[in-house]
Amino acid sequence: QVQLVESGGGLVQPGGSLRLSCVASGFTFSNYGMRWYRQASGKERELVAGITANTGRTTYADSVKGRFTISRDNAKNTVYLQMNNLKPEDTAVYYCNYGMPGPDTSWGQGTQVTVSS
């Protein structure tokens with residue numbers, strides 16, 4: 001059914017960049033807004049960025065505004081998160097999902113981003 005496969009994470013030094021990818025299947029990708037979330041150790045999952053289904057309007061958490069860019073390629077059923085000028089506080093497991101997640105929402109395995117010197 002619904003599958004969300006995140007990739008692109010890794011270990012990077014402060015100030016570095018990474019591009020995350022999320023390949024989706026099991027639903028009509030182009031009909032849904034997509035969002036990136038992250039969960040750091042000991043913290044709740046938080047919304048990082050979102051992009052709408054129709055206009056491609058984007059939103060960002062204040063903590064990443066100006067550094068991260070969300071985009072999508074409907075032909076590839078893929079949403080991306082370009083992360084620049086990474087900071088240690090960006091360290092987390094990053095997840096993607098569609099629409100507005102609720103109690104029955106399934107999550108992928110996520111991809112680990114570690115920012116450290």
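The questions and answers below concern a predicted model.

Me: Which residue of β8 is the bridge partner of I70?
Reply: Strands β7 and β8 run antiparallel and are joined by six bridges. The partner of I70 in β8 is L81.

Me: Where does N77 lie, and is N77 buried or partly exposed?
Reply: N77 is in the loop between β7 (68-73) and β8 (78-83). Its phi is near 50°, a positive value in a residue other than glycine. The relative accessibility of N77 is 25%, so N77 counts as partly exposed.

Me: What is the relative accessibility of N85?
Reply: N85 belongs to the loop between β8 and β9 (92-98). Phi of N85 is near 50°, a positive value in a residue other than glycine. N85 counts as partly exposed because its relative accessibility is 43%.

Me: Why is β9 described as largely enclosed by the rest of the structure?
Reply: A residue counts as buried under 20% relative accessible area. Strand β9 is largely enclosed because the number of its seven residues that are buried is six.

Me: Which residue of β9 is the bridge partner of M34?
Reply: Strand β4 (residues 34-39) pairs with β9 in the antiparallel sense, over six bridges. Within β9, M34 has as its bridge partner Y98.

Me: Which residue of β10 is the bridge partner of Y94?
Reply: Strand β9 and strand β10 (residues 111-115) run antiparallel, with three bridges joining them. In β10, Y94 is partnered by T111.

Me: Is T52 buried or exposed?
Reply: T52 sits in the loop between β5 (46-51) and β6 (58-60). The cut-off for buried is under 20% relative accessible area. T52 has 17% relative accessibility, so T52 counts as buried.

Me: Which residues does T52 contact, leaving aside its neighbours within four places in sequence?
Reply: The side chain of T52 also makes a polar contact of 3.4 Å with the side chain of N54. With neighbours within four places in sequence left aside, the contacts of T52 are G33, R57 and R72.

Conventions: Residues are numbered from 1 along each chain as its sequence is written. This is a predicted model: local features need pLDDT of at least 70, side-chain atom pairs count only at pLDDT 80 or more; totals for chains, interfaces and linings use all residues. Side-chain values use heavy atoms; hydrogens and water are left out. Helices (H or I, at least four residues) and strands (E, at least two) are DSSP runs, numbered from the N terminus. Buried means under 20% relative accessible area, exposed over 50%, partly exposed in between (1.4 Å probe, protein chains only). A polar contact is a pair of N or O atoms within 3.5 Å; within protein, one must be able to donate a hydrogen and the other to accept it, and residues adjacent in sequence count only if both atoms are side-chain atoms. Contact means heavy atoms within 4.5 Å. Two strands pair if DSSP finds at least two bridges between them.
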